[in-house]
Amino acid sequence: MSPAAPRGDDSAHTADNRCEEPGADAGGTPWQGPGDGGTAGGVGRPRPCPEGTPAVPPPAAPHGVPVESGARGEQPARASEQAAGPAAPPARSAHPAESSEVLAARQAGGDRLRFIGAATRRIARGIDLDEIVLGLCRATVPTFADAILVYLRDPLPVGDERPTGPVVLRLRRTDRIPEEPDTNGGRLPMLPAQPDLSPAMGGSAAELSEVLPGGPLAEVLRGVRPLFGEVQAARAALPELLGPLTQLPAGHRVILAPLRGRRRVIGAAVFLRRPDRPAFEADDLLVAAQLATHTALGVDKAVLYGREAYIADALQRTMLPDSLPQPTGVRLASRYLPAAETARVGGDWYDAIPLPGSRVALVVGDVMGHSMTSAAIMGQLRTTAQTLAGLDLPPQEVLHHLDEQAQRLGSDRMATCLYAVYDPVAHRIMVANAGHPPPVMLHRGGRAEVLNVPPGAPIGVGGVDFEAVELDAPAGATLVLYTDGLVESRIRDVWTGIEQLRERLTETARLTGPNPPPLEPLCDEVLDMLGPGDRDDDIALLAARFDGIAPSDVAYWYLDPKAQTAGQARRLARRALSRWGLEELTDQLELLVSEVVTNAVRYAERPITLRLLRTDVLRCEVGDDVPQLPRLRQARPSDEGGRGLYLVNRMARRWGATRLSTGKVVWFELSMPFGGTP
């Protein structure tokens, strides 16, 4: 199929033993120029005639100039032209036969270069492993070979990783020329990844091949250079690679090319031509070497890219919450979708953080960029936000400290963030924004509203103030927080996407009538608004259904820090339980309230607070103005105190302490008796 440069043994046949093969291998020759006859060895290239075939006489030289055999026959003519001076017209071709062969060789060389350039570009376009291997197959079949088999190591080594155990090659992909023409007389499209190669080889190739140390296949792979299948080394290595039952065409119709990456051999490629097609030539080994080199380097890059993307994706998913908390008075649902395959890694995150007083902080953010750095910065900002939320700072103060943290991480560390605090007792929500898309509130009646929140500047800009607004959060309403990947893409701007989100929420709420739609199906419906071209960025989605806590389920008192306060707190707690019908919890609650209030009265200087909340559990909160948190310790027999928290730890369902900007809150929960849930 491919024309080769003139060989040394061809000159003996140019003058007296010529055999033309016009039209041979027409339509299958890869490097045919315009007007070529389609010969396997080039246009009009002389070939040795089979025995008994009449030789074609050499063409007569024009103007009686004798034809000299050999590639050096042109030099006397060129010397005579130079001696004739500038007045002598230049001879276009002193030896037509030799000039035709030289031109054909030059054209073949140029066609080879163009083919290699096109093939390597096609291979380089691949990003993942399958695309690169597919690019090699589609670039070589049918242009260079009738069939191809590509083997890669299993598993593929990554970077400087040194594999252990035996080297195993797995058949990654095969391809061949289809056999039957279509109705238009053209070729059928390429076959699937594992077509039947019986027209090119007898038997089926092995799926797995173990490379024996010191064996013939190991020696060929170590040598790196492509070999013809008839070479002794390749003849011994191919059965080990393809299987002992495989029969290959005889002659130069098989090329075995090792695939070597940057540090080691990672596989092998086998190029085949059918016996009825022209054999490979010496220059085709160079072509195979180029294809193998570019494929191996592409596979190396794909493996490294895949490992980096996997690490970054795992890093990002690890930093996202495994499960959302179950705070009082609010139900939560979330979704996270990575970006498209070209940019799977991003910096989007969401979070729900329980706060003192049964409140909850809702956070969603987006670090600019798609890389491991973005994922790492996202993790640092999320951790910082959790720490600041634990201090019970106002939303605008949290964003201010996040802005300072982003500036400490680097001058170009930018992110957007929306921070909201929901109070189920007051049915209010306080929201602060740092350059993030505004949230959407879906009311109980089905009306979706884009909340009017000051946009603010992104985190990392520095020197800006953030503003918080307080809004109503009625029971039954749903707050939807999201990142810009949901509403912005190459085919729509952010405000068009926000309007589409609002309409989608309205349509979904209309399906459930007066009742709010369930959260999990609602999140799925929101993600269904994404079209084929809308996955340019990763997406974080957080939906919060506000149930609130009814005023009848809340008891709240201010108590002066006096010695009699503990007894007063017990009486108030007993009355609240009697009103709620929870007398079974009286003894437990009085004991624990007495211990916690006594500890608060001992150190507090201002009035303390006592609050009871009746939800699915009975929650008690005691607040004071002392910032030091109580610490659970094992009291010695001689100690007079130190046993209060030990009792709380043993008797309460859960307990904890949270530092506030004005002091602290110590809380505990008791399980509701059977039938005591409101």
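Colleague: How are α3 and α6 oriented to each other, roughly parallel or roughly antiparallel?

Modeller: This is a predicted model, to be clear from the start. The axes of α3 and α6 cross at roughly 165°, and angles over 145 degrees count as roughly antiparallel, so α3 and α6 are roughly antiparallel to each other.

Colleague: Within what distance do the axes of α3 and α6 come?

Modeller: They come within 8 Å. Helix α6 covers residues 282-319.

Colleague: And is the crossing of α3 and α6 right-handed or left-handed?

Modeller: Right-handed, as α3 passes α6.

Colleague: Switching to aromatics. How many aromatic pairs does the structure hold?

Modeller: The structure holds 5 aromatic pairs. One of them is Phe-115 with Phe-144, whose ring centres are 6.0 Å apart. Their planes are at 15°, so that pair is stacked.

Colleague: Where in the chain do Phe-115 and Phe-144 sit?

Modeller: In distant parts, 29 residues apart. Phe-115 belongs to helix α2, residues 96-124. Phe-144 is in the loop between α3 (129-140) and β1 (147-153).

Colleague: Is Phe-144 buried or exposed?

Modeller: Phe-144 has 0% relative accessibility, so it counts as buried. Phe-115 has 9% and also counts as buried, because the cut-off for buried is under 20%.

Colleague: What is the arrangement of Phe-144 and Phe-271, stacked or edge-to-face?

Modeller: Edge-to-face, because the planes are at 85°. The ring centres of Phe-144 and Phe-271 are 5.5 Å apart. This pair also links distant parts of the chain, as Phe-271 lies in strand β6 (residues 265-272), 127 residues from Phe-144. Phe-271 is at 1% relative accessibility and therefore counts as buried.

Colleague: Which residues do the ring pairs link into a cluster?

Modeller: Phe-115, Phe-144, Phe-271 and Phe-280.

Colleague: Which charged residue sits over the ring of Phe-144?

Modeller: Arg-273, with its charged end 5.7 Å from the ring centre. Elsewhere, Arg-619 lies over the face of Trp-667, 4.3 Å from the ring centre.

Colleague: Sheets next. What is the strand order in the open sheet of 6 strands?

Modeller: The order is β3-β2-β1-β6-β5-β4, with antiparallel pairing.

Colleague: Which strands are at its edges?

Modeller: β3 (208-211) and β4 (227-228), each of which pairs on one side only.

Colleague: How many bridges join β2 to β3?

Modeller: There are 4 bridges between β3 and β2, where β2 spans residues 167-176. Val-168 stands opposite Glu-210 of β3.

Colleague: What about the open sheet of 5 strands, in what order do they run?

Modeller: β17-β18-β19-β21-β20, and the pairing is antiparallel.

Colleague: Why is one side of β17 and of β20 left without a neighbour in the sheet?

Modeller: Because β17 (554-559) and β20 (654-660) stand at the edges and each has a single partner strand. As for the twist, the average is 15° from one strand to the next.

Colleague: How many bridges join β17 to β18, and what stands opposite Trp-557?

Modeller: 6 bridges join β17 to β18, residues 608-614, and the two strands run antiparallel. Trp-557 stands opposite Leu-610 in β18.

How values were computed:
Residues are numbered from 1 along each chain as its sequence is written. This is a predicted model: local features need pLDDT of at least 70, side-chain atom pairs count only at pLDDT 80 or more; totals for chains, interfaces and linings use all residues. Side-chain values use heavy atoms; hydrogens and water are left out. Rings of Phe, Tyr and Trp (its six-membered ring) pair if their centres lie within 6.5 Å; planes under 30 degrees apart count as stacked, over 60 as edge-to-face and the rest as tilted. Buried means under 20% relative accessible area, exposed over 50%, partly exposed in between (1.4 Å probe, protein chains only). A charge sits over a ring if NZ of Lys or CZ of Arg is within 6 Å of the ring centre and within 35 degrees of the ring normal. Two strands pair if DSSP finds at least two bridges between them. Axes are lines fitted to C-alpha atoms, for helices over the stretch in contact, and angles run from 0 to 180 degrees between N-to-C directions. Angles under 35 degrees count as roughly parallel, over 145 as roughly antiparallel, 65 to 115 as roughly perpendicular and the rest as oblique. A crossing is left-handed if the near helix is turned anticlockwise from the far one by less than a right angle, and right-handed if clockwise.
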